[in-house]
Amino acid sequence: MRRGIVAFSAFTLFGLGLTGCALNRFEQREPWRNQAEEVCLAQKLVRPSEDIQPVKEIDGPGVCGMVHPFRVTRLAGGTVALKQRMTLACPIIPEVEAWLAGTVQPAAEIYFGQPVVEMNSGSYSCRGRNNQVGAKLSEHSFGNAVDVMSFRFADGYVVTVKGGWRGTEAEQGFLREVFLGACNHFTTVLAPGSNVYHYDHLHLDLARHDPRGLRRICKPLIKYESRLPPPGTPLSPIRRKPPAWQPAPEPAPIDVEQDDPYGLSPTSARETATKVARSPSPAPVHAYVPPPARPAMIAEPRALPEPLPLSSPTWSSGPIY
């Protein structure tokens, strides 16, 4: 019996060791994460209800987890169901709610004449970005990110990000509206075309890309004229204007989330080559060199010439421009 207990304990410790190896053991938990949760609770930005319930603290593995997590089954006052339950930190919940009210539902009425009633999305998962062993932890590891794969409307019609991004005119318009609107609420918004990992979902998070949290990433850059009123205008559901963007100068590296909501867990032994979409190298910029100045012409006194006919050029020594 004792031998069996010792063997079981050794196996358990070995398993925990493998789990720890799957995470970045050198990564530290930034102090701003706990501070943001405390401020959110103090300001009562999230009101517990039957659909949004506080649960006990999630501590680890590693630095993963949340001090005050919430389990969410419905949003927008219970009018938008979640296909799968989400576990989120306090700060991101009011932003998702504001995005649904100010962008998603107005866009749904414009393009489909009916509201969204269900959203298929993913949330907390303690893992490295793109499920890579030893990679920097995803914002999902802190309940600070949401992946949205599809929307279902009142009549049962479903628009997926994967198929609708290049789907019908209405699907494309709706998804571009919700994408651009998300950039008013989240510090990172990635859609199909941003990199190879986001071809089938929208990634939304509240990562801090600079010490003050002002820098924002919204990719890809698209040419699309929104049909919704701009934020801050009287007719806009979004009463406040988005904070000023502070993009990093190119070609500085951009710290973006690269994840796969359908990927394997970080404890998986799968190790494959990472494919990263890279933007083409910018063409070298050459400094402008002005042409040499022409020498000034010195006028010499001379007799006035006879008037020339209108068909004759003024100067015969060069072309007329």
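Student: Where is Val-63 found?

Tutor: In this predicted model, Val-63 sits in the loop between S2 and S3.

Student: What makes Leu-137 and Phe-142 count as being in contact with Val-63?

Tutor: Contact means heavy atoms within 4.5 Å. Leaving aside neighbours within four places in sequence, Val-63 meets that test with Glu-27, Gln-28, Arg-29, Leu-137 and Phe-142. For a sense of how the chain comes back on itself here, take Val-63 and Ser-141: they are 78 residues apart in sequence, and their C-alpha atoms are 8.4 Å apart in space.

Student: Which core includes Val-63?

Tutor: A core of five residues, among them Val-63, Cys-126, Leu-137 and Phe-142. The largest nonpolar core, which has 42 residues, lies apart from that five-residue core.

Student: Which residues have the most contacts inside the largest nonpolar core?

Tutor: Those are Leu-75, Trp-99, Met-119, Phe-151, Phe-174 and Phe-186. Helix H3 gives the largest share of this core, nine residues. Other elements that give two or more residues include S4, S5, S6, S7, H5 and S10.

Student: Cys-126 is in the five-residue core. Why is Cys-126 called buried?

Tutor: Buried means under 20% relative accessible area. Cys-126 has 14% relative accessibility, so it counts as buried. Cys-64 has a relative accessible area of 3%, so it is buried too.

Student: How do you know that Cys-64 and Cys-126 form a disulfide?

Tutor: The cut-off is a pair of cysteine sulfur atoms within 2.5 Å. Cys-64 and Cys-126 have an S to S distance of 2.0 Å, so they pass. The angle about the S-S bond is 75 degrees, and the link is right-handed. This pair joins distant parts of the chain, 62 residues apart: Cys-64 is in the loop between S2 and S3, and Cys-126 is in the loop between S6 and S7.

Student: How many disulfides does a search of the whole structure find?

Tutor: Three. Counting bonded cysteines along the chain, their pattern is 1-3, 2-4, 5-6.

Student: What makes the link of Cys-40 and Cys-90 left-handed?

Tutor: The value about its S-S bond is -70 degrees. The sulfur atoms of Cys-40 and Cys-90 are 2.0 Å apart. Cys-40 is in helix H2 and Cys-90 is in the loop between S5 and H3, 50 residues apart. With 2% relative accessibility against a limit of 20%, Cys-40 is therefore buried. Cys-90 has 0%, so it is buried as well.

Student: And how do you know that Cys-183 and Cys-218 form a disulfide?

Tutor: By the distance again: their sulfur atoms are 1.8 Å apart, and the cut-off is 2.5 Å. The link is right-handed, with 50 degrees about the S-S bond. Cys-183 is in the loop between H5 and S9, whereas Cys-218 is in strand S11. Both Cys-183 and Cys-218 are buried.

Student: Why is Lys-44 called exposed, and why is Ala-76 called partly exposed?

Tutor: Exposed means over 50%, and partly exposed runs from there down to the 20% limit of buried. Lys-44 has 55% relative accessibility, so it counts as exposed. Ala-76 has a relative accessible area of 27%, so it is partly exposed.

Student: What is the phi of Lys-44?

Tutor: Near 55 degrees, a positive value in a residue other than glycine. Lys-44 lies in the loop between H2 and S1. Ala-76 also has a phi near 55 degrees, and lies in the loop between S4 and S5. Most residues other than glycine have a negative phi.

Student: Which residues does a cis peptide bond with omega about 10 degrees join?

Tutor: Gly-60 and Pro-61. Pro-61 is in the loop between S2 and S3, where Val-63 is also found. Another cis peptide bond, with omega about 5 degrees, joins Lys-219 and Pro-220. Pro-220 is in the segment after S11.

Note on methods
Residues numbered from 1 in each chain as written. Predicted model: local features only at pLDDT ≥ 70, side-chain atom pairs only at ≥ 80, totals over all residues. Heavy atoms only, no water. Helix = DSSP H or I, 4+ residues; strand = E, 2+ residues; numbered from the N terminus. Buried < 20%, exposed > 50% of the residue type's maximum accessible area, 1.4 Å probe, protein only. Core = buried A, V, L, I, M, F, W, Y, C linked by side-chain atoms within 4.5 Å.
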